[in-house]
Each structure stands twice: as structure tokens, then as C-alpha cells.
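Try each task before you read its solution.

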Amino acid sequence: MRYSKKFILFLLVLFLFFSLSFSQTSNLIDIKILHINDFHGRLLPYIVKSINEKIPVGGGAYLAYIINEERAKNPEGTILLSAGDMFQGTPISNIFKGEPVIEMMNYLKFDAMTIGNHEFDWGQDLLQQWIKSSSFPFLAGNILKDGKYLPNVKPYIIIERKGLKIAIIGLTTTETAYIVKPDYVKDLTFVEPEKVLPNLIKEVKSQGANLVIVLSHLGYDADKALAEKVPGIDVIVGGHSHTVVTDTVIVRGTIIVQAGYNGIYLGVLDLKIQPETGLILGFTKEKELKTVFAGPEDKYDPEVAKIIDKYNTQLKEEFSKIVGETLVDLVRNYNEESNIGNVICDAMIEASNAQIAFQNSGGIRTDIPKGKITMEQVYTLLPFDNVLVIMDLTGKDILDLLEQSATLEKGILQTSGIRVKYDMTRPIGSRVIEVFVGNEPLDLNKVYRVVTNDFLAAGGDKFTAFTRGKNIVYGDMLRDVFVEYLKKHSPINPKVEGRSIIIK
Amino acid sequence: MKEKIKVFVNDKPLEIFQGMQVKHALISYDIDIYKKCIDGEYIVVNEDGFEIGLEGALSDNTKIYIKRRREKSCLERQK
């Protein structure tokens with residue numbers, strides 16, 4: 001009897017072994033996940049010197065060609081995903097408020113995208129417009145408005161490929177609440193992903209999902225932490241940290257991928273899945289990213305090229321449009337007050353309701369002659385994608401900034417809301433001899449609301465006192481703020497009016 | 001929420017405002033290094049050795065390292 005029991009057990013093990021081996025070799029389902037993230041409106045190829053100094057990379061048309069080429073290898077089993085931050089970042093996308101990117105994504109038949117923090121950069125109304133004009137769903141399982149998911153946004157979708165039910169759950173960084181202009185997200189709650197994800201996984205599994213993909217705009221470190229904390233995730237397709245995850249990473253059995261940024265790479269994750277169990281028995285382990293080269297011999301998708309060409313032509317028209325007028329030449333002065341610095345700082349004050357504005361002279365890149373001002377001139381004037389940063393600084397912090405300004409190491413600070421008298425004959429560190437905020441002398445112990453740009457806020461050009469700021473909020477892009485100011489106040493007539501008086 | 005996060009650039013701790021990116025950490029660390037990263041002479045990698053973009057998001061206690069660009073990368077065009 002003992003022998004016969006052992007024999008039956010042996011036969012059972014043998015049977016399981018052969019059935020598993022058989023299913024591993026003959027019945028596995030091939031699924032291909034194509035993914036991008038943090039595209040940031042990069043529809044046109046560009047040079048990334050760290051990749052190649054001569055051959056451009058990225059560009060929607062070249063990316064599209066590779067997507068279609070990969071999809072053709074497994075047309076029934078391919079999923080195309082975006083992990084968010086698709087629209088904001090380049091003139092061709094910014095000017096048309098993301099419309100060309102949506103057109104490209106619709107043409108490429110994206111299956112889903114998760115909402116990134118930058119999807120709120122132009123407010124929720126625009127997000128809703130994108131959703132309406134998209135042929136793919138926007139996902140976010142951890143953003144709530146009045147206790148419900150965002151209107152027209154799903155926490156997840158379940159799609160079917162080759163008979164396999166695949167759940168795609170969207171998650172967005174909770175930092176969005178603090179790093180987007182407050183007005184745009186003040187009515188939203190961003191819930192910690194690990195609090196919502198277990199229930200969402202339970203829900204999709206109860207609906208028969210064999211495979212669970214988290215489409216995450218959380219960042220690489222957060223993706224790894226999520227895989228540690230939450231069981232049941234098969235794959236995390238990530239974004240936000242712009243990480244070039246060349247080889248797939250495994251954390252507690254979860255596959256983690258991320259395709260860099262700006263559409264320079266396409267992530268190609270091939271999975272071999274056992275249909276009975278939903279187990280992933282094989283996957284791309286190395287070289288998961290394909291670099292999108294855009295050199296003369298590289299192939300591109302003509303349809304996407306047409307879409308981009310159409311907008312690029314319109315962009316030239318938009319660039320030539322008049323956005324304002326000046327009655328005087330707008331002239332830079334690196335080491336002294338300038339009328340162009342004054343008007344930029346006035347625009348910053350108006351957009352932020354701060355008391356004082358500071359702009360680095362080095363961030364102002366051209367003069368503008370008297371007359372009409374075009375959008376192109378504004379882009380040349382302010383070419384950096386700086387955003388406003390509003391913060392509390394003490395009078396002592398402000399004095400430190402002005403003393404640094406007086407060193408002239410990196411040019412003088414352009415200002416609004418403040419009048420400064422510098423005596424350059426005095427030693428460094430004691431050159432600021434008089435400061436007025438409005439009509440009151442600067443009080444070293446008082447707290448002032450100050451607006452600057454993100455370069456200075458990070459302590460750029462040695463203006464490190466900005467890093468002592470408190471209660472910071474981010475604002476709109478400086479260039480947009482300046483355009484709005486021009487539209488409202490033109491013709492402008494700024495003068496050098498004694499905001500910075502220099503004794504030489 | 002924490003208004004500032006701590007990040008490590010080449011193991012040197014820095015405090016930056018929440019929401020700031022790799023480029024801001026580099027500006028704070030050494031503006032010349034930042035310029036070399038823009039010029040492609042250096043690249044930034046994370047703790048696991050993966051390259052990260054200058055506009056990549058940072059979180060509390062993220063460690064990043066500056067490396068001279070490799071002559072050959074697996075992502076470069078195959079001849």
C-alpha cells in the first residue's frame with residue numbers, strides 16, 4: 001500500500017512536470033508591451049549630445065515608424081501605452097496646447113495613457129478637452145474630485161489580447177498637488193498609491209484579469225517601493241523620473257520598465273504568458289529600449305510626418321503673430337537695471353501677487369526694438385522653460401541676495417517692487433547701502449512674498465539665499481506670463497527708473 | 001507635505017524644494033557640472049546605474065551620480 005501511494009505520487013509529479021513543460025513550450029501567449037513616457041511634446045527630432053553629436057534622435061514620425069514596425073511583429077498581441085506627461089514642453093505642442101500630440105496618439109492607436117503631473121499645467125479644462133478628443137482612455141486610480149474619480153477618467157481598463165484579459169491601472173504622483181500651480185489642482189485629492197492599489201488589483205482580478213499592469217507616473221524609486229509594498233502587480237510601466245531603464249528590473253517578482261524621456265526611446269517588453277495561470281514565464285531582460293534615431297537614412301511614418309508638418313507650418317504663422325507692442329527699445333543691461341528686466345519683473349509680480357520680483361540678467365537673452373513684438377521674439381528673449389516660483393523670504397535673505405547681486409559675478413538682479421542703492425566702491429558683502437520695499441525700508445526680520453524663476457530658486461548663479469525660501473508654490477511658465485502681460489498692457493513703455501542705483 | 005527633499009549628488013547631500021528636477025539639483029551642486037551635462041560631456045545616472053534626464057523628477061533621498069559619457073553605449077546606433 002505504501003509503495004502504491006508513492007507510485008501514484010510519482011505519476012502525479014510526472015504528469016504535472018510534463019503538462020507544465022508542454023504548456024511552457026507550446027501554449028504560451030506572446031504579449032508585446034510598447035511604451036513611452038514623458039514625451040513632453042517632442043514631435044520634432046533633436047540632437048542629444050550624450051547620445052550622438054550629429055544624428056538627431058526622437059521625433060513623432062520616427063517613433064511612429066518603430067512603433068508600427070514592432071506592432072507588425074505581433075499585431076494581435078501588442079499593447080501601446082503612455083505613462084504620462086505627453087503634451088507640455090516644446091513650442092509646437094505648447095502653442096497648440098497639446099493638440100498635435102493627441103492627433104499623433106490617436107493615429108497610433110494608443111491603448112491608454114496615465115495622467116502625469118504636467119497634464120495639469122494648463123488647467124483641468126484643457127485636460128478634459130484632450131480626453132474628449134482622444135480615442136484612448138486617460139487613467140488615474142488615485143486622483144479624486146469630490147470623492148469620485150476625475151470626470152471622464154478611469155482608474156483602470158481591462159483589455160483582451162489573444163484571449164488574455166489584461167488590466168491596466170493608472171497611478172499619478174501625489175506630488176502633483178504641490179508642484180502644479182495651486183489653482184489648477186486645489187479641488188483634487190491625490191491619494192497615496194499603495195492605499196488604493198490593493199483594492200484596484202482585487203477588483204480587476206475579480207473581473208477575470210490574468211495580467212496586471214500598473215501604468216505609473218510615480219518615478220523609478222516610487223515604482224520600486226510600490227512593487228515592494230503591494231503584491232499582485234505583474235508589470236510596472238513607469239514615468240516621471242525620466243529614467244532610461246535599459247534592462248528590466250525585477251522587484252519581488254514585478255517587472256519594472258521605463259523608457260527615458262522625450263520619445264528618444266521606445267520601450268519594447270515581450271512577455272510569454274501561460275494562459276491557464278497568467279504566469280509570466282519569459283520576458284525581455286536586456287536591451288528593453290530601442291533608441292529612436294532620426295538621421296537621413298532612418299525611416300519615418302509619412303502619416304505622422306504629415307500631421308507634424310501641418311502644425312509646424314502653422315507654428316511659423318503663430319510665431320510671426322503680434323503679441324504686443326513697445327514704444328521704446330527694450331534693452332538688456334547685464335550689470336545694471338534695464339527697462340526689459342523691469343517689464344519682465346513687473347509681469348512676474350502681476351501674475352503672482354508677490355511683493356518683490358527677481359529675475360537673473362543672464363536669463364534675458366535678447367533686446368527687442370521699438371514696435372510690434374512677435375511671439376518668436378518672446379521665445380528668443382526668454383528661451384528657457386523657466387516657471388515662476390513664489391516663496392517667503394526674510395528681509396535678511398533679500399539683503400543676502402542683493403549683496404550677491406552687487407558682486408556682479410553673474411550680473412545684477414533685475415527687480416520689481418524694490419529699490420536698491422549699491423555702492424560699488426565698498427567691499428563685497430557691504431555694497432548694499434539702501435533698500436526700500438514699496439515705500440518702506442527693508443526690514444531684516446520681516447517676511448516678504450517674493451517671486452522668481454525656478455533657476456534662481458534652486459540657487460542658480462550663486463543666489464543661494466533663494467534656497468532658504470518657505471511656503472513655496474509654483475506658477476506658470478515665465479514666457480507665458482510675459483506674453484499675457486504684453487497682451488494686457490501694450491503698448492508698453494518701460495523705463496530705467498532708479499530701481500537699482502549704482503554708485504561706481 | 002515636506003517642502004524640501006534631500007537628494008544626494010555624488011553622495012553629497014543637498015536640500016532642494018519638492019518638485020524640483022535633476023537639473024535643479026545640479027544647479028545647486030555645481031553649475032559648471034550642469035553645463036557639462038547639457039553639453040553631453042557628462043551624464044547623470046541613478047543608484048542602479050540607469051541614465052536619467054535632466055528634467056527627471058526627484059524624490060526624497062534619491063541618489064544621483066555624475067559620470068563622464070561612455071564612448072559606446074548599448075543604446076547608440078549599431079553599426
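The structure holds 31 salt bridges over all chains, a salt bridge being a side-chain nitrogen of Lys or Arg within 4 Å of a carboxyl oxygen of Asp or Glu. This is a predicted model, in which local features need pLDDT of at least 70 and side-chain atom pairs count only at pLDDT 80 or more, while totals for chains, interfaces and linings use all residues. Residues are numbered from 1 along each chain as its sequence is written, chains are lettered from A and ligands numbered from 1 in the order in which they are written, and side-chain values use heavy atoms, with hydrogens and water left out.

**Exercise 1. Find the salt-bridge partner of B:Arg69 and say where the two residues lie.**

Step 1: Helices (H or I, at least four residues) and strands (E, at least two) are DSSP runs, numbered from the N terminus.
Step 2: B:Arg69 is partly exposed at 25% relative accessibility; buried means under 20% relative accessible area, exposed over 50%, and partly exposed in between (1.4 Å probe, protein chains only).

**Exercise 2. Describe the contact between chain B and chain A.**

Step 1: Count residues: 35 come from chain B and 46 from chain A, with contact meaning heavy atoms within 4.5 Å.
Step 2: Take the area. About 3,300 Å² is buried between the chains, and carbon and sulfur atoms give 54% of that; buried area is the accessible area (1.4 Å probe) that two parts lose on being put together, summed over both.
Step 3: Strand 12 of chain A and strand 4 of chain B pair in the antiparallel sense over 2 bridges, and A:Val244 has B:Glu51 as its bridge partner. Two strands pair if DSSP finds at least two bridges between them.

**Exercise 3. Is A:Glu70 buried or exposed, and which residue forms a salt bridge with it?**

Step 1: A:Glu70 is buried, at 2% relative accessibility.
Step 2: A:Lys290 forms the salt bridge with A:Glu70, at 3.8 Å between the closest N and O atoms. The pair links distant parts of the chain, A:Lys290 in strand 17 (residues 289–291) and A:Glu70 in helix 2 of chain A, 220 residues apart.
Step 3: A:Lys290 is partly exposed, with a relative accessible area of 35%.
Step 4: Widen the view: A:Lys32, A:Glu70, A:Lys73, A:Asp270 and A:Lys290 are linked in a network of salt bridges.

**Exercise 4. Work out the strand order of the open sheet of 3 strands in chain A.**

Step 1: The order is 6-5-9, with antiparallel pairing.
Step 2: Find the edges. Strand 6 (148–149) and strand 9 (188–190) of chain A each have a single partner strand, so one side of each is left without a neighbour in the sheet.
Step 3: Zoom in on one pair: strand 5 (residues 143–145) and strand 6 of chain A share 2 bridges, and A:Leu144 has A:Tyr149 as its bridge partner.
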